Amino acid sequence: KLFLGAEVLCPFGFRQAKGIVVGFSDKLPEGLSEKKLKDIYSLVYNCPAYDFEKLFFIVKKSSQKWYSPDGLYYGLFYENSYREDRDFKQYLPDDLYTEIDKSLLLKIEKCGQKVLFRGNFDFQVCAQLSIKQAVNGGQTLFLTADYLTAMAVYRNLSAKISPEFCALFHGSLPSKKKKEIFAGVLSRRIKFIVGPKSALFLPYAQSSLFIVINAESDFHFQFEQRPFYNAVDMAVMLGNAFSHKIVLFSPA
């Protein structure tokens, strides 16, 4: 059975292509002959990776805001879609989390859904905040403005946490690795994700934590090629739709 947000294999010229079901209709588009219709080959997965009703809203808003076709934004989310076929233990070591008595940590925990801090990113505080999020069953994205910052954060984080629970995600990864990370995030095995713009589009659990580093940097803008978007604005839109908590760090 097809459903909104389903991934399907379709005939596309002389090859197969993956498509996304975005609606149903009893009528053909004007000017299209029934003879030109082709059957869908198969359903790729029998469960959705995203809450499609919320994703539909995000895509429409992004398309209107940054003037790129809807399909390109759907592609950002579904490009690396995959499912894990193994069962992983959903736990973290009991001794991983240790409380830090810092005023910044208390401010973050008491803030609303979105908060901006004027000052440099504090790794120690944010690492403990993300660990607490993981202990409670949640996930954390460290959204960086560039690859080098992402690499530095990931190295520090993976020194504290088993690599099984962490991922560094960026556009230059091989396709196979991207799909492995997508599956790990979808299964909730991967709790900590670090990366620049493209890391936003993984299937995070509801009420995840997004920590945005150097939030006012121009490098958060994707204007070299379509689809255009501002990663910080996109993070906030995703936060509003999926109840994620957004913490923005920007140098004073």
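Colleague: Where does F24 lie?

Modeller: F24 is in the loop between β2 and β3 (42-43). Helices (H or I, at least four residues) and strands (E, at least two) are DSSP runs, numbered from the N terminus. This is a predicted model, in which local features need pLDDT of at least 70 and side-chain atom pairs count only at pLDDT 80 or more, while totals for chains, interfaces and linings use all residues. Residues are numbered from 1 along each chain as its sequence is written, and side-chain values use heavy atoms, with hydrogens and water left out.

Colleague: Is F24 buried or exposed?

Modeller: Buried means under 20% relative accessible area, exposed over 50%, and partly exposed in between (1.4 Å probe, protein chains only). F24 has a relative accessible area of 57%, so F24 is exposed.

Colleague: Which residues form a nonpolar patch on the surface?

Modeller: A patch takes residues with over 30% relative accessible area and no salt bridge, joining like charges within 9 Å and nonpolar side chains (Val, Leu, Ile, Met, Phe, Trp, Tyr) within 5 Å. Here F24 forms one with L2, L4 and I40, and together they have about 380 Å² of accessible area. Such areas come from the Shrake-Rupley method with a 1.4 Å probe, and for residues only the protein chains shown count as cover.

Colleague: How many helices and strands are in the protein?

Modeller: There are seven helices and eleven strands. The protein has 252 residues, and 47% of them count as buried. Its accessible surface comes to about 13,800 Å², with 53% belonging to carbon and sulfur atoms.

Colleague: Among contacts between residues at least 6 apart in sequence, what share joins residues at least 24 apart?

Modeller: Contact means heavy atoms within 4.5 Å. Among those contacts, 73% join residues at least 24 apart.

Colleague: What span should helix α1 have?

Modeller: The expected span of a helix is 1.5 Å times one less than its number of residues. Helix α1 (residues 52-66) has 15 residues and should span 21 Å; its end C-alpha atoms are 20 Å apart, which agrees.

Colleague: Which residues of α1 are buried?

Modeller: They are F52, L55, I58, V59, S62, S63 and W66. Seen down the axis of α1, these residues fall within an arc of 130° (taken from the directions from the helix axis to the C-beta atoms), so they line one face of the helix. On the other side of α1, E53 and Q64 are exposed.

Colleague: What do the buried residues of α1 pack against?

Modeller: They pack against β2 (15-20), α2 (70-78), β10 (229-230) and α7 (231-242). Just after α1 comes Y67, with a positive phi of about 60°.

Colleague: Which residues are buried in α6?

Modeller: K178, I181, F182, A183, G184, V185 and L186 are buried there. The buried residues of α6 pack against α2, β6 (166-168) and β7 (192-195). R188 follows α6 and has a positive phi, near 75°.

Colleague: What does S130 touch?

Modeller: S130 lies in helix α4 (residues 123-135) and is buried, with a relative accessible area of 1%. Leaving out residues up to four places away in sequence, S130 touches T140, F142, L157, F192 and L209.

Colleague: How many salt bridges does a search of the whole structure find?

Modeller: A salt bridge is a side-chain nitrogen of Lys or Arg within 4 Å of a carboxyl oxygen of Asp or Glu. The search finds six. In one of them, E7 pairs with K18, with the closest N and O atoms 2.9 Å apart. E7 lies in strand β1 (residues 7-12) and K18 in strand β2, so the pair ties together parts that are eleven residues apart in sequence. E7 is buried, with a relative accessible area of 2%, whereas K18 is partly exposed, at 37%. E7, K18 and R83 are linked in a network of salt bridges.

Colleague: Which residue forms a salt bridge with K65?

Modeller: D233 does, with the closest N and O atoms 3.9 Å apart. This pair links distant parts of the chain, with K65 in helix α1 and D233 in helix α7, 168 residues apart. K65 is partly exposed at 39% relative accessible area, and D233 is partly exposed at 31%.
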